[in-house]
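Dear colleague,

My notes on it follow directly after.

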Amino acid sequence: MGAGDATPEVRLERLRASLTGTSKNPRAARWSTQGHANVLVGAALHAADRLRQGQTLTELERRLVNVLGAVLPEQEIRAWGGVYREAVQSLGSQVAVVPAVISQLPVTTGFQLSNLKEVLPALAREHAARPNTAVVSRESVAAGGPADSDAFVRGLSEYGFGATVFDRFRPASASAAEAGGEEQQAQDAGPAAASFRVKLELENFRCIRAVGDQWGGKDEIYWSCSTGSDKQAGTGFISQEFGAMKAGQSRAFDTSRRTVFDGQASEGLMLAVSVWEADQSPPQWAKALMELLVGLSDYMFSNWGWMLAGMLPGGYSEMVLGIAAEIATMFAWVVVHARNDDDLSCTRVFLLDQYDLALLSYGKGTDWHFNGLGHHVLKVKYSGNPVPFPTGQLQYAVRTGNTWSAPVTLPWESMTPPAVNTYNNHLYVLYVRPGDKAVMWTRHENGTWRTPERIGNDVSFYAPSVGVAHGKLYYAVTGTNDGLYWRTFNGTSWSGISRFDGYTSAKSPTLAISEYRGDLWLTHIGPDGRPWINYRNANNWSPSYAENSAWVVDRPVAMAPHQGRMWRLASGTDQTLHATTSEGGAPWKTASAPGGVTRHGPALAIHDNKMWIFVRGTDGKLYSAINYNERWETPLQRAGDGTGIDLRDEPSAISHQGRLYVMYRR
């Protein structure tokens, strides 16, 4: 491939200035490292020196040299290795740009994937602290929010490149493969995930700030893109040129020249997009460079698997972001040192898994900013069949105002419906893990979900229940021996387990706080199918009593306090909804229930001073109705936007920080 428009001598001087910290580039500080970032750049230069000195390259080094080979002939790659070695001999671990973990290596020692794994936690934390990287909230994007924050857009301008991932969660059963050697593959990975077809197009872009060519070029721009999934590599893409762009203008990509990926994926897709100032003809070498970097990323992920969980104290999102940032850094660094810095306006790297692609297929999060020499907003269009959301896992949707978000999928399977509640400004979720039937809990904190933990040694066949009263989080569950058990949580730890003596429970219990005296109410279903009631003050549970209705149910009931009364709704054996209310004790009075048919138990939540009911309809979709001033405003109606929300059985619902959350099993 060609080596850009600079001579070999100019490129070597750029490299020397970069390594010695004497570069005159006004944005040279963007290549700084606190000891771990830029590890791929450093490893590539170390590999170039090892190649020069006749050492056998590791597989990772060979791939890094191939990346350099997209822009440099082999003779020049060896020369770059020599310049790097000169800098190391002169400056030791103080070589600019290159982290000490690389510059301290003797030439006889290669750098391989297992070494990268060791430094990845610190490397990822370093990148995550920079303004040109972002972990985007899936919940925000699912609700129609922007993918790029204002702070991130400003960080792009400072660096000229960036990396984006969406928040990810570590599966409770996940563990990273131990690297016994760089060619070792993960063992016992289980069956391969089903593949699906992905088709992405660049639809159009909007110019916010035009690029200004200070060297007197043609003042035109074009876009390039490289992609690769866990199933196949993309073909590489270069758009037509767009001339004389002015602020406020929008341009569309040619309909015959806009597809950037059309193929199979099962785990995810890497997408690298750049916008260039077209002073020269489109650089085919840049396309090759990006394709090699995509291949490098695929190599790293395929070696460890896409679910590289458990390697970072900070979480899976941070780790994935570190890899994406390293790819973006290496691309921009190689381009700057191999051709004019003013040609590359901005480049971004995205790592998208199945859920992220499903959001794109629903039209969410498709506007991406490229704020470099110019500022452009690119609209990406998903044009293939809808990507399926992952199935068999916990999922939730959020209603903000009058708008429902797209579903947000969590990577944890449950053998029962979940239980959700809000406590100390955090959203808590309890569920039962398949296999060992362990009762698990997690909460949403610092913008993401924490890794689920087991509650003691508790096991169940039925969904747990969770409520808040007396400054504590209460949880109740039916044990595998049909005993009824409860615990409390103070924000840090769970209490010991207690059992209700003499009770047996045939289904999932239900907890709700009453407006009457602030007591916590518990309903459980006895072996005869009748609902039984307890309430708890700050110190004790009341005796259990059977309420006076003639209910016989085979599904959990729902409870919620509303307008001075405790409401309780259930799906009867006739598959219609029934309601009773209490003003603080017996007797319970029959009340109206919304019309509709369901074979599953309902969920109740108080939101915006109204009582909401959610059920699974006979078509498998989520339905809702609203009670205000003791009147149901409508019969059950399909909830969610577009094609609705699919769920397996009972949902759980709660109002949290001004938004309505509904969680369920998909």
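In what order do the four strands of the open sheet that includes E29 run, and is their pairing parallel or antiparallel? The order is E29-E30-E31-E32, and the pairing is antiparallel. Please bear in mind that this is a predicted model.

At the edges of this sheet lie strand E29 (558-562) and strand E32 (589-591), each of which pairs on one side only. Direction ignored, neighbouring strands are turned by 30° against each other on average. Five bridges join E29 to strand E30 (residues 565-571) in the antiparallel sense. Within this region, His562 has Arg565 of E30 as its bridge partner.

Helix H2 (residues 39-52) packs against helix H3 (residues 59-69) at an angle of about 95°, and their axes are 9 Å apart. Angles of 65 to 115 degrees count as roughly perpendicular, and H2 and H3 are therefore roughly perpendicular to each other. On the H2 side, the contact involves Leu40, Ala43, Ala44, His46, Ala47, Ala48, Arg50 and Leu51; these meet Glu61, Leu64, Val65 and Leu68 in H3. By class, this contact comprises nine nonpolar, one polar and two charged residues.

As for the chain overall, it contains 11 helices and 39 strands. Of its 666 residues, 58% are buried. The accessible surface comes to about 25,000 Å², with 46% belonging to carbon and sulfur atoms. Among contacts between residues at least 6 apart in sequence, 65% join residues at least 24 apart.

With kind regards

Definitions and conventions: Residues numbered from 1 in each chain as written. Predicted model: local features only at pLDDT ≥ 70, side-chain atom pairs only at ≥ 80, totals over all residues. Heavy atoms only, no water. Axes fitted to C-alpha atoms, helices over the stretch in contact; angles between N-to-C directions. Helix = DSSP H or I, 4+ residues; strand = E, 2+ residues; numbered from the N terminus. Parallel < 35°, antiparallel > 145°, perpendicular 65-115°, else oblique. Contact = heavy atoms within 4.5 Å. Nonpolar A, V, L, I, M, F, W, Y, C, P; charged D, E, K, R; others polar. Buried < 20%, exposed > 50% of the residue type's maximum accessible area, 1.4 Å probe, protein only. Areas by Shrake-Rupley, 256 points an atom, 1.4 Å probe, with all protein chains shown as cover. Pairing = 2+ DSSP bridges.
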